[in-house]
Amino acid sequence: MALLPLSAQFEGDVLELLIPVDDEDTVEAVGAAIAHHVVGRRVAAQDVPIRLRHNGRVLDPQERIGAAGVAPLDHVEAFYA
Amino acid sequence: MPQLSRSDWYDLARDTNWAFRYVDEEEVFPEALSGTSRVPAEAWLKWDEPYKVTYREYVHNQVTKDTTTYSLKNAVSRSKLFDQLDPGWKSVIVAHYGAISMPEYLASIGEARMGRFGRSAAWRNTATFGTLDEIRHGQIQTFFPYGLLDKEPRGDWALKAFHTNNWIILAVRYLFDDMFVANDALSIALQLTFTLETGFTNLQFLGMAADAIDVGDLEFGSLISSIQTDEARHAQQGEPTIKVLIDNGEKEWGQFLIDHMFWRSWRIFALLTGLSMDYYTPLESRRMSFKEFIEDWVVKQFADQFRDYGLEFPWYWDEFINELTWYHHAIHLGVWNYRPTVWWNPDAGVSEAERLWLEEKYPGWNRHFGRHWDVITENVRKGDIAATLPETLPITCKPVPAADRAGRGRARRRTHRRHAAEPRAQRPQVRLLLRALQVDLHPAAGPLRRTPVADRPGALGRDQPAGPGHGVGVLRALGRGAGAGRRQLRMGRQQRDEGLNRWRCYR
């Protein structure tokens, strides 16, 4: 249980955002946390899953973000699958 | 008393290049303040300003300008002209006064540095007039908005802004402190007068004066015209300076100084002027788009000018040209979303007619940016204003928002790839953010609250009322105290120090 601040962008958005999450959060929860600040605000909602990309690798939605090799302030990209 | 023509005595009167007997050159012109030692002292004697003015002529001209401009202000202040101005235009001048009035005064410090440490008497003479110019500009651009306080309370940002740690001000101060205040005379000549004034602001002021008259803001139009004519005169200090450098084999150093500050000026210029021209200025008064303005006045004319001296386009020129089509549009979306954090009332400027204009001027605008405004507009129409306001902080870079071309992310990804090659702890963005986050996001400081910032009336179009409650910082809304601002300032100083270190390394 530790704070994990991320530098995140949702694909299709114009802003890079500071997204604080917990390192025990799942990748899916992190994607949702990013989407909360973007989807329905600047990017239209879509009824499809949201995935997360880190250093070019698409992460397993059920993996813990801290265990996926994502370090504080790493850049991650959320996107519609 | 015999009346001599100016040319009979001008050169003799201004020549105060004395031979020093009790001190040496280094003591009189310390390199840190003068920056001129790359060129032999005698070479600076060839420095010659193209436009000459005597003190008598200067005072006469300035009195005439002040009399005209202040008289017009007095007359206009008794009318309803300001009340009748388009709200978008009011955004333009409120943003302008906050961002520019104090830097004009700071520029007097830069001019005074050239007036003392410029290596040629002609240069020092010209810079002394420039110092007086900039003091006048600082004063008049504070006096005028203060005269509007009963109609526009945010006019007080003309004085207040630079005494805050507002994030836009951090970006502007970071640029101008480096360019005007913490700089040597040589670099000021090339970066302030040649790059910023000749390249950007002199032309911008010409356009703004014309736009102001067009929208009926006679007071602002007269003010800007009186300033622009001063700028046109003292901006000429860059040309003879670069000529001396080139003639003495220091072209590369001149190129570096110009390249460095052209890019940084562009980023701030896009933020302030790009939004004003393409979104805030009433559609019927837009003479050209921001991109057309830059292409006509900067790319063609300024670039031709510095290429005439044998200088090259800056190494990032293609990136600069690329950004003309998208950078300020992305910034506009960001500023509008974070509108409670800025001192003016950002006009969305995306009515149907305005969107047609944007698409015409920027083919593909609807595809890249209009789709974001579609979502925002839908939220406004539903009355869900909270969905148009931010709940977290944007990532900024020195400290302009790290904006993207509607998610394409080419520039950002390139930057990311470049930084990815460095150890994480050495990446500048990470280093600075970590420093802030150790305090801001430490668990002991409590979790981030997700309570939306206070709702504000009117989100789109030109119906946003100006009110004293405007400008509540998102930092405060997110549960931060004033310490966040102080931390931002420390970050700004750290960035400045890093910039100076890189600069020293180059030298």
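Helix α15 of chain B, spanning residues 327-337, is mostly covered, with 11 of its 11 residues buried, where buried means that 20 or more other C-beta atoms lie within 10 Å of the residue's own, exposed means 12 or fewer, and partly exposed lies in between, the C-beta atoms being placed from the backbone. Among the buried residues of this helix are B:Y327, B:H328, B:H329, B:H332, B:W336 and B:N337. Helices (H or I, at least four residues) and strands (E, at least two) are DSSP runs, numbered from the N terminus.

The model is a predicted one, in which local features need pLDDT of at least 70 and side-chain atom pairs count only at pLDDT 80 or more, while totals for chains, interfaces and linings use all residues. Residues are numbered from 1 along each chain as its sequence is written, and chains are lettered from A and ligands numbered from 1 in the order in which they are written.

Elsewhere in chain B, helix α9 (residues 185-215) packs with helix α13 (residues 290-308) at an angle of about 135°, their axes being 10 Å apart; axes here are lines fitted to C-alpha atoms, for helices over the stretch in contact, and angles run from 0 to 180 degrees between N-to-C directions. The two helices α9(B) and α13(B) are therefore oblique to each other, a class that holds whatever is not under 35 degrees (roughly parallel), over 145 (roughly antiparallel) or 65 to 115 (roughly perpendicular). On the α9(B) side the contact is made by B:T198, B:G199, B:F200, B:L203 and B:G207, and on the α13(B) side by B:F293, B:W297, B:V298 and B:F302, two residues being in contact if their C-beta atoms, placed from the backbone, lie within 7 Å. Helix α9 of chain B also holds B:A210, and B:A210 counts as partly exposed because it has 14 C-beta neighbours inside 10 Å.

Chain A has 1 helix and 5 strands, which run β-β-α-β-β-β from the N terminus on. Its strand β1 (residues 3-10) pairs with strand β2 (residues 17-22) in the antiparallel sense over 6 bridges, pairing being assigned if DSSP finds at least two bridges between two strands. Within this pair A:L3 stands opposite A:D22 of β2(A), and the two strands form a hairpin with 6 residues between them, in whose turn A:G12 has a positive phi of about 100°.

For chain A as a whole, buried residues make up 44% of the 81 residues, and the C-alpha atoms fill a box of roughly 30 × 20 × 20 Å, taken along the principal axes.
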